[in-house]
Amino acid sequence: MPDVRQLSPAAVTPIGVSARLGTAVLALLVIGTVLLAPFLLDTYMLNILIRAFFVAIAAVTVDIMWGYCGTLTFGQSAFFGIGVYALAIVFTEFGFGTWQILFALAAAIIVSGVVAALTGWLSFYPGSTPLYASIVSLVVPIVLVQVLYSGGTFTGSSSGLVGFETFDLSLESWFRVAGLGLASVAAVALVLMQSDTGRLLKALRDNDERCSYLGINTSRYRIIVLVLTAIVAALAGFGYAAFGGVAAPENASFTFGTRLIVMVALGGRGTIIGAIVGALSIEVASAYLSGSLPYVWELIIGIALIAVILAFPDGLVGVIHKLTRGVQQPRTVPATRLCPIAVSAAVDGGSDIAIEVRELGRHFGSLSVLDGVEFTARRAELLSLVGPNGAGKTTLIRCLSDGRERSTGFVAIAGQPIDRLPPDRIVRFGLGRKFQAASFFETLTVAECLRVARTHRARPSLTSTSKVLELPVAAISLLEQSGLADRLGEEARKLSHGLKQALELAMVLSLEPEVLLLDEPTAGLTRAERQGFADILTTLASRARLCILLVEHDLDFVREISSRIIVLHQGKIALDGSVDEVVNSALVREIYTGQQYTASKVGP
Amino acid sequence: MTNALQVEGLASGYGTSEVISDVSFTLAKSEVLAVVGKNGMGKTSLLKAVLGFLPAWRGTITLDGKDVTRLPPHLKRRLGLVYVPQEQALFQDLTIRDNLRLGLLSDRNFGAALEHVGQWFPMLTRRLQQRAGTLSGGEQKMLIVARALMAQPEILLLDEVTEGLQPSLVDRLSDVLTRFRLDIGTSMIVIEQHLPFALGIASRYLVFKRGEIVDSARVDAEAAARIEAHMRI
Amino acid sequence: MLTLILDTVTTAALLFIISSGLLIVFGVMKIINFAHAAFVTVGGYAALVGSRLGLPWALVLPLAFVTGAVCGAVTEATIVRWLYRRPLDAILATWGLGIVIGQIITLIFGREVQFVQAPITGTVGLLGVDYSAYRIVMIAAAIMVAVVFTALLSGTRLGLTTRAVIMNEMLAQGLGVDSSRVRLVTFAIGSGLAALSGALITPLSSVDPNMGLPWLISAFMLVMVSGGSLFALAASCVVLGGVQVIVSTFVNPILGGLTIAICAAIVLRIRPEGFARA
C-alpha cells in the first residue's frame with residue numbers, strides 16, 4: 001500500500017465547503033432569472049436576448065479555442081453557419097416534422113464535425129504555427145460563404161433562405177430554451193476548463209513544445225477540441241435559425257467570425273464568463289444603438305478593441321477583477337497532497353542499452369553540424385557531453401529526441417529505433433528531455449505543471465482537479481529537496497531561476513523516463529543549487545538506474561559526477577572515455593585553454 | 001584624463017536568472033584589457049550588458065565621463081563604442097561592400113575609409129561585390145575586423161575574434177590592432193580563449209568566473225601561469 | 001487566348017501592387033497589418049477627393065501615397081509599436097483600426113458607392129484584340145512599383161539599413177542602426193503603397209467604404225506564400241492570379257475568387273516558409 005504523506009500545510013478549510021454552496025446558489029439564481037425574466041422584459045428585448053444567447057454560445061466556443069488553447073480562430077462562424085443552413089435547407093426542402101428535425105440536427109452535427117476535422121487536420125500538425133492555424137481558420141468561412149453564394153435556390157445564394165416552417169414556440173418559451181441552453185453550455189465549459197483537462201489545454205497554449213516533450217500529442221488534442229467546439233457552435237446556429245426563421249450568408253461569414261472574437265476580447269478571454277458578457281453586451285447594445293447611431297457604434301467597437309489589446313488584455317472581466325480585488329476574500333486553495341508511486345522495476349533480461357547511435361549526421365546543405373557520430377550508452381551511466389561552442393552538442397540532443405531532425409544515421413532509445421518519429425512518440429519510449437532555458441507552463445501553478453507532466457501516464461480528469469498528485473519517488477524527493485513541495489500552489493512564473501530549473505526537472509522525472517537528456521542544467525544556478533543537482537543526478541543514475549546524458553560547460557561539475565565523458569569538436573566525437581582519461585588528455589587541454597587545435601589530431 | 005569606460009557594480013541577466021553580479025572595472029584611454037575565463041562564465045553577457053542588449057539591473061556604465069547606463073545600443077555606437085560579436089557578426093547575404101558600409105554611420109566618408117582599410121586588408125577591397133557568406137572562415141573574420149575599424153572607434157569590444165583563425169592571421173590581427181591603438185588611441189576589451197594572443201596585446205587582464213571578476217592584474221611574465229591556474233580543469 | 005493571358009497579367013499586376021505594401025511590412029516586422037484594407041480604402045477616397053478638386057492624376061497618386069504614409073506612421077507609433085512580441089494581437093488591433101478607419105470614412109463620405117473617372121479611357125488594339133487601356137496601364141504601374149522598390153532597397157542607405165534590420169536586428173543595432181525608426185519608415189511606406197494601390201484601382205471598379213476588404217485576404221495569402229521575398233511575391237501573383245483567372249473563366253467566377261486562398265493554404269501546409277529562396 002503506498003503510503004500517503006501530507007506534505008503541504010493546511011488541509012481542507014471551511015472555505016472549501018462554502019465554495020460548493022456558493023456555486024449552487026449561483027446556479028439557482030441563474031435558472032431563476034431565466035425562468036422569470038420573460039415576465040419582466042418587453043418583446044423587443046426578449047427577441048434580442050434570445051438571439052444574443054445563441055451567439056453567446058458561439059462566443060464561448062471561440063473563447064475555448066482562443067483563450068484556453070491559444071488559437072486565434074476566425075472560423076467558428078463557419079460552423080455556426082453550418083448549423084443555420086442545415087436547419088434552413090432541410091426545412092425548406094422537406095418541410096417541418098419530427099424526422100426532418102432529427103435529420104437537420106444530424107446534418108448539422110455531422111457536417112460541422114467533418115469540416116472541423118478537415119480544418120483541424122490542415123491546421124494542426126507537428127511543426128505548424130499558431131499563425132498558420134489562424135490563416136486556415138480565416139479561409140474556412142470565406143470558402144463556405146462562396147459555396148453558399150453559388151448554391152442557387154438550394155442555399156438561397158446571397159439572399160439566403162426565408163419563410164420555411166419552424167418550431168412554434170412562444171417568445172417566452174424560446175427565451176427559456178435559449179437561456180437554459182446558454183447556461184448549460186457555460187456550466188459545462190466552466191467545469192471542463194477548471195478541471196485538469198482545462199489545465200492541459202492551457203499548457204498547450206503556454207508551451208506546445210514542452211507538451212510534445214511530455215509525450216502529449218498536441219495536434220490530436222487540438223483537433224478534438226476543434227471538432228467538439230464546432231459541433232456546439234453548429235447547434236447554436238441551429239437554434240438561432242430555428243428561432244429566427246431566416247438563414248443568411250452573413251451568419252457564416254468571416255465578418256461574423258471576427259465579431260465573435262471582438263466579443264471575447266472585450267469581455268475577457270480565457271474566462272468563459274467574459275465571452276458571455278461580451279457577446280450579450282455587444283448584441284444588446286448593437287440592437288439599440290445601431291438604429292440611431294450606426295457608424296458611431298461600430299467606431300466605438302473598433303476603438304474599444306484597440307484599447308483592450310493595448311491596455312486591457314483581460315477585457316471587462318479583468319478590469320472588474322482588479323477593481324474588486326480589495327473587496328474579495330482571499331481564496332484559499334485546498335492543498336494538494338503528494339503521493340509516491342513505485343516505478344515498475346526495470347525488466348530483467350531486457351537489454352541494458354539505453355541509447356544507441358550509429359553514423360549520425362546532421363547537415364545543412366554543405367555545412368556539416370554533426371558527422372559520423374557513434375556511441376552507445378547503458379542504464380545507470382552518467383554520461384557528459386562536452387565541447388566548445390558550436391561543436392554540435394545541442395544539435396545532438398535534438399537528433400536524439402526528435403526523429404525528424406537528423407540527416408543520416410540510426411538512433412535507438414531504450415531499444416526502440418526512433419526512425420522519423422516526432423518527440424511525443426519518442427518520449428513514450430522512455431525519454432525525458434530537459435531544456436537549457438527552463439521550459440514549463442507560465443500560467444499554471446507548480447502542482448498543475450506536474451499534473452500536466454503526468455498526462456501520458458495518467459489521463460487527466462474532465463470534471464475536477466485532483467487533490468492527490470501521484471508522482472514517482474525520484475520526483476518527490478526532488479520536490480522536497482528543492483523546497484518546491486511547500487510551494488505547490490504558487491504560480492510557476494514567479495519562482496526563482498533555480499526553482500524553475502528544479503520544477504522542469506521534476507516534471508521530466510514525472511514521466512518515469514529511462515533515459516534523461518539534460519542541456520546545460522546548471523547554467524545560472526548558485527553553488528548550493530548546483531551541489532543539490534549533482535546529488536540528485538548521481539542518485540538517479542545509481543539507484544533508479546536511469547541513463548543520463550548531460551551537456552555541460554562547467555568542467556568541474558562534469559568531473560565530479562560523470563562516469564564517462566564524450567568530447568565533441570566540430571561535429572565529430574574527438575574523445576570518448578572515462579573521466580580520468582579525458583580530463584588528463586592533452587587534447588582537451590588544448591580545446592579548453594586556447595592553443596590551436598586542428599581536426600587531424602585525435603586522441604590523447 | 002577621464003577613463004574611456006568605467007563600469008561600477010553592474011548586475012544583469014536573463015529573465016529571473018542573474019548572470020553578471022557586481023562587476024566593476026575601468027578601461028583607460030588607449031588601453032587594451034583582456035577578459036579571460038572558461039566557457040559559459042558570462043563574458044559575452046558582460047559585453048552585452050555594457051552595450052545595452054541586456055538590461056542593467058544595478059550599477060552604472062560611464063563612457064568618457066558620460067553616464068550611458070540607460071542608453072540603447074545604437075546610440076552607444078554613435079558615441080564610438082564598436083562591438084564585434086562572437087557569433088552572427090556578418091550579414092551573410094550582403095556583399096562585402098555593403099557589410100563594410102554598415103561599419104560607418106553614413107555613406108559620407110565611405111570612399112576614404114575604404115581606401116584606408118584596403119591597406120591592411122587588400123583581399124577584401126579586391127572583391128567588393130562578393131557575397132559575404134561565400135568567404136572562408138578566416139576571410140569573414142578579417143571582414144568583421146575591417147568593418148569594426150572603418151569607424152575608427154573610440155572603444156572596441158572584441159568577442160573571441162581569433163576563433164577559427166590560422167596562426168598567421170592571428171599574428172596579422174595582433175599587428176593591426178596594436179597599430180590602431182597607437183595611431184588612433186582606440187581602447188579595447190578583448191574576450192579570448194587564445195591566451196598568447198590576448199596577453200600579447202593587452203596591458204591588463206580580468207579573470208571572469210560565474211558572472212564575477214575573480215582576478216585582475218597587469219600583464220607580465222607570470223600572467224599566463226596565474227590565469228592557467230584559474231582555468232585548470 | 002490572348003485575352004486570357006492579358007487578364008492574367010493584369011490581375012497579377014493588380015494583386016502585386018496591393019500586396020507589396022503588406023509584404024514590406026511583414027518582411028521587416030513580421031507583423032500582419034489587418035488595417036491594410038482600410039489604407040487601400042483611404043487611398044481610394046484620396047483619389048476621389050483629388051479628382052473632385054480637379055487635380056491632375058499626376059498629383060492624385062502622390063496625394064494618395066502621402067495620405068496613406070501618414071496614416072501608417074501614426075498607426076505604427078501609437079499601436080503597432082507595442083505589439084511586436086504579440087503578432088496575433090497585432091492582427092486584432094490592426095483589424096480594430098481598420099474598423100475605425102472604415103467608420104470614419106463612412107461618417108465623412110457616406111455609404112454610397114461612388115465613381116472616379118479613369119485618366120485613360122477606351123481600348124487599345126493589341127495583336128488583334130481590343131483591351132482596356134487602363135488595365136494595360138496597371139501592368140506598367142506594377143512594374144514601376146517593383147522597380148522603384150528594388151532600387152530603393154538596394155540603392156539607398158535606408159534600403160541597406162532596412163535589409164540589415166530584416167536579416168539580424170541585434171547586429172544592426174550594434175552597428176548604430178536605429179531599428180525603431182526603420183520600422184516606422186517601413187510601416188509608413190507600406191501603408192503609402194496600400195493607399196496608392198487603392199487610388200490606382202478605383203477607376204476600375206468603384207469607391208465605397210469597404211472596397212479594400214475583398215483584397216485583404218488574397219493579399220494576405222499571397223504575402224504568406226511568398227515568404228518575404230518581393231520576387232517570390234511577383235511570381236506568386238502571376239501563378240496564383242493565373243489560376244484564379246482560369247477557374248473564373250472556365251468553371252465559376254465565384255469559385256475563382258476562392259482559388260488564391262485555397263491554393264495558398266495548401267502550399268503553406270506543404271512548405272511553411274512559402275516560396276522564398278531557401
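This is a predicted model: local features need pLDDT of at least 70, side-chain atom pairs count only at pLDDT 80 or more; totals for chains, interfaces and linings use all residues.

**The domains of chain B and their surroundings**

A: Chain B is divided into two parts: domain 1 covers 5–80 together with 153–231, and domain 2 covers 91–152. Taken over C-alpha atoms, the centres of domain 1 of chain B and domain 2 of chain B are 24 Å apart. At the boundary, twelve residues of domain 1 of chain B are in contact with ten residues of domain 2 of chain B. On the domain 1 side of this boundary, the most is given by helix α7 of chain B (residues 167–184), which supplies five residues. By class, the residues on that side of domain 1 of chain B comprise nine nonpolar, two polar and one charged.

Confidence in this chain can be stated per chain and per element. Chain B has a mean pLDDT of 87, with 97% of its residues at 70 or more. Among the elements of chain B, the highest mean pLDDT, 94, belongs to strand β8 (residues 187–191), while the lowest, 81, belongs to helix α9 (residues 223–231).

For context, chain A is described next. Chain A has 604 residues, of which 49% count as buried, and its secondary structure comes to 23 helices and 14 strands. The C-alpha trace of chain A spans about 90 × 60 × 50 Å along its principal axes. Among contacts in chain A with a separation of 6 or more, 77% join residues 24 or more positions apart.

Chain A also has a boundary with another chain: 29 of its residues are in contact with 30 residues of chain C. On the chain A side, α5 (130–149), α11 (254–267) and α13 (294–310) each supply at least two residues. The largest share of that side comes from α5(A), with twelve residues. The side of chain A that touches chain C divides into 22 nonpolar, six polar and one charged residues.

With neighbours within four places in sequence left aside, A:Ile548 is in contact with A:Leu382, A:Leu383, A:Leu516, A:Leu518, A:Leu537, A:Leu540 and A:Ala541.

To return to the part asked about, the boundary in chain B involves twelve residues of domain 1 and ten residues of domain 2, and helix α7 of chain B gives the most to the domain 1 side.

Note on methods. Residues are numbered from 1 along each chain as its sequence is written. Chains are lettered from A and ligands numbered from 1 in the order in which they are written. Helices (H or I, at least four residues) and strands (E, at least two) are DSSP runs, numbered from the N terminus. A residue is buried if 20 or more other C-beta atoms lie within 10 Å of its own, exposed if 12 or fewer, and partly exposed in between; C-beta atoms are placed from the backbone. Two residues are in contact if their C-beta atoms, placed from the backbone, lie within 7 Å. Ala, Val, Leu, Ile, Met, Phe, Trp, Tyr, Cys and Pro count as nonpolar, Asp, Glu, Lys and Arg as charged, and the others, Gly among them, as polar. Domain bounds come from an automatic or database domain assignment. pLDDT is the predictor's confidence in each residue, from 0 to 100.
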